[in-house]
Amino acid sequence: MCEMEKQSLLSLFSSNPDKYYKVSLFDEKGFRRQSCRLCGKFFWAINERQSCPEHDNYSFIGDPPTSKRLDFVSTWKELSSFFRKNDHQIIQRYPVVCRWREDLYYTIASIVDFQRVMNGKIVFEIPKNPLVVPQMCLRFNDIENVGLTGRHYTSFCMVGQTCNADAPGGYWKDRCIELDHSLLTDVLGIKSEEITYVEDVWMGAGAFGYSLEYYVRGLELGNAVFTEFEGDENNYRTLDNKIIDMGAGLERLSWITLGTPTSYDATFGPIFKKLVDIIGIDIESKLEFLSRYFKKLSEKYSNYENDPRLLKINIAQELGVSYEDLQRIVLPFETLSIIADHTRTLLFAISDGSLPSNVGGGYNLRIILRRTLALLARVGWKLDLQDVMDLHIEQLKPMYPELNEHKNDIKTIMQIESDRYSSSNERMYSIANSLAASKKKPSVEDLIRMYESDGITPDLLLETGVIDNIPAAFYLKLAELHTTHESNPVPVIETGSDIKPTRLLYYEEESIREFDARILKILKGKYLILDKTAFYPRGGGQEPDFGTIEGIKVTDVIKQNDLVLHKIKGPSKDLEDNKTVHGIVDNVRRRFITKNHSATHILNSAARNTLGSWVWQNSAFKDENYARLDITHHSALTKQEIKQIETTANEVVQRNLPININVFERSNAEEKYTFRIYQGGAVPSNHVRIVNIDGWDVEACGGTHVNKTGEIGLIKILKTERIQDGVVRLEFVSGNNALQYVQAQDSQLLHIAHTLGSSKEKLIESFDKVTTENDQMKRKFRMLINRFSDNMATTVTRQAILSKSGLKIFGTYDDEMGDDYYIALGEKSINIDPSLVYVALVQDQERIKVIVFVGEESRKMVRASRIAKEVSLKLGGTGGGGTDKFAQGGGKDKNKIDECLKNLENLIINIDSSEKNG
């Protein structure tokens, strides 16, 4: 909601406060409506106030207004006990990975648990009424403020008090504020005079309502939203069901009871104590100073939020210390807080099935992980992040015992990601040191580009002196690039609004292949809408049925909302509205696709059981003769892993397990089977079709399936590849297609055996013999090449051209000698002259092969992989690959060879320049 919309709605509601904001408790306790002289906001308080609490300092630090002192977990115990006594159901948290909403990667608020998107509108599905949930939420728009402010987090627990006011057990605003006020006064022991309620408004996905935020001594503790309308301020109506959405930060509720210098002390107290002992730093003796510092920070932060360094300089002057002394005291505490917050976020995200990566929601996970590792290096602490996660698991066991189930899987992912970061450290420091020497200050856009291309964090640049402070907008802009899903618009064919929904015969009886139906409408002369159909439309990765209608070929089937459209190929002049037609579904195609779809479910669970709990279906495609399954996984699959997945899948086929299909109310399905059912994405209906492979796999799915796994016959994985960071593709066939593939392989093996003068039984023995003989010939050839290249390497270094940037560059083209010669020559040349950049273009049949070597000195400025990529692109290729030292690529455009060699020096100089500039 933009600020203008919000102010317009706030004015609308505030113009009638008795109707919207006033509750019975205000009269009962003596709360009076007042106006803030600083910002004009309206608020309710018992005592006379000049301004609203948004302008107050955190006066509770060092002086908590509560009668109880409660740590994070103890606060939840008190809250849950209170709401349980007041007839609320306490439910378990939902996953932080928001698989039931296609527009979100992560759960950003407790109310998101109960929001479902149907026909572009938000509907609320509340499983118990009323309820309270301790929902962990993830947000990445304040990364740079974590640790700095004492109160920002990337993950936090929002205590969600949710109620459908119009359903049994429901209540509205009087009761809501009565309960929340009682929680503050009777449970936490805060005096009513300390509490202020501020009028506000909330809007999201077409629904909106007025709200009351409640503050104590400058700290907002909760916000009760009364969602009553849909539309906008100019055109709205009352919702069928009014919803109460009260969200309170558990971290803040604990903080107000303890009055610690920061919220982190209250939230991570037990963890801090153990980490301080492990690291060997002193925080305890600095608590009094930290209290004064964070009090000052809360007063001044809004004036300096874009320049943290200037903020600290100002506070240091007021506290009578130098900026350097302030940093020495504050930096270890900030670092400790960042580590605690970021590891908790990673713990919940990975536990719920999200992987750090360069794409999607995993992008932000990798940002915070690499930021944490960079900070550890900066302060020189030897700390195992998995040990920190173990401390979180232990602390949170009373609230979230499920975290312990995935402990080993989390350790695996963290180790892989930490190793990847460590392996790129040398190159990152080299680039950073070059930037520091140039004394050029990078912009926020430069910083983002450096992180995206080379993984260089601002913390590393801060450590190496490239930047003086981390720009406030850096992490925000980076997070905005990877916060929500991008949806691809599907072309919509206008059908009109007066057509009855299509009756779906393929769900009523899967075996129907012929049927009679009436034409309801013909669109564009080629799309038929029937009153009923047995043709399965494209959806959920399953390709559509083909067949005929009145003898005319059906080439596509599309479902739009409740209507199924049949695309026909051929004349439709004999077809007209209301005519009864005969449809025939291609049975062979349907059976092949059906087997592939059931095989997809089997393979998905086989992959999860083989690889780890982080495996989820990323996407899938099921056609007649081919299928593919994309899964979330951190690395390319090994031969052993592929073999194990395939073996496990075929064991499930052989067990001939029944596949049961039933329709559930969505909330019942989620409660019974958990959110694992959303392998194929969110379901746009409150009725969920559950496909249950008995004892093996349960998914929400609208596709066609066999009755028993044995009907599939065989599953054969054709190939696998890592198609993007964090996603691996399995291409496979099943049934007769799998049998034909195996038979074709058998024929090929027989042909190879005959060519080698052997038999299939002795094929491996014969192949090994031929390979050994071939290897011996290659070794002799390489010995000759090495002897010849020794002399030529010296010539190469003499002929190299010294560029303006100090790089020595050699480039050549040859269509006679093979690439083995030029690889040997390149390696010898850079050993003789470490400042050499060596590029050879070698004719290899229809392709020009690009071979690049970069000497040790030159690698400080350019990478072989980057040069190979750029040269390959010039030759019409798609890029190259390799290491900083050696890389290869290629292209097919022979006409560009001379141009490439002629402009090689400028190309490498430009690469050198771009590497320095990020």
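Colleague: Is Ile752 buried, exposed or partly exposed?

Modeller: In this predicted model, Ile752 is partly exposed, with a relative accessible area of 38%.

Colleague: And where does Ile752 sit?

Modeller: Ile752 belongs to helix α23.

Colleague: Which residues form a nonpolar patch on the surface with Ile752?

Modeller: The patch consists of Leu749, Ile752, Leu756, Phe767 and Val770. Together they have about 400 Å² of accessible area. Two elements give two or more residues each to this patch: α23 (735-755) and α24 (763-799).

Colleague: Changing topic. At what angle do helix α12 and helix α14 pack?

Modeller: About 65°, and the axes are 11 Å apart. Here α12 covers residues 362-379 and α14 covers residues 407-423.

Colleague: Is the crossing of α12 and α14 left-handed or right-handed?

Modeller: α12 passes α14 in a right-handed crossing.

Colleague: Which residues make the contact?

Modeller: From α12 they are Arg366, Leu369, Arg370, Leu373 and Ala374. From α14 they are Met414, Glu417, Ser418, Arg420 and Tyr421.

Colleague: Which residues are linked with Arg366 in a network of salt bridges?

Modeller: Arg366 is linked with Glu417, Arg420, Arg722 and Asp725. Among these, Arg366 of α12 and Glu417 and Arg420 of α14 also take part in the helix contact.

Colleague: Why would side chains pair like that?

Modeller: Side chains of opposite charge can pair when their charged atoms come close.

Colleague: How many salt bridges does the structure hold?

Modeller: The structure holds 49. One of them joins Lys68 and Glu78, with the closest N and O atoms 3.2 Å apart.

Colleague: Which parts does that pair tie together?

Modeller: Lys68 is in the loop between β2 (42-45) and α4 (72-85), while Glu78 is in helix α4, so the pair ties together parts that are ten residues apart in sequence. Lys68 is partly exposed at 27% relative accessible area, and Glu78 is partly exposed, also with 27%.

Colleague: What about Asp240, which residue does it form a salt bridge with?

Modeller: Asp240 pairs with Arg237, and the closest N and O atoms are 3.7 Å apart. Asp240 is exposed because its relative accessible area is 62% and the cut-off for exposed is over 50%. Arg237 has 42%, so it counts as partly exposed.

Colleague: One more. How far apart are the closest N and O atoms of Glu899 and Lys896?

Modeller: They are 3.6 Å apart, in a salt bridge. Glu899 is partly exposed, with a relative accessible area of 39%, and Lys896 is partly exposed, with 30%.

Technical notes. Residues numbered from 1 in each chain as written. Predicted model: local features only at pLDDT ≥ 70, side-chain atom pairs only at ≥ 80, totals over all residues. Heavy atoms only, no water. Patch = residues over 30% accessible without salt bridge, like charges linked within 9 Å, V, L, I, M, F, W, Y side chains within 5 Å. Areas by Shrake-Rupley, 256 points an atom, 1.4 Å probe, with all protein chains shown as cover. Salt bridge = Lys/Arg side-chain N within 4 Å of Asp/Glu carboxyl O. Helix = DSSP H or I, 4+ residues; strand = E, 2+ residues; numbered from the N terminus. Buried < 20%, exposed > 50% of the residue type's maximum accessible area, 1.4 Å probe, protein only. Axes fitted to C-alpha atoms, helices over the stretch in contact; angles between N-to-C directions. Left-handed = near helix turned anticlockwise from the far one by under 90°. Contact = heavy atoms within 4.5 Å.
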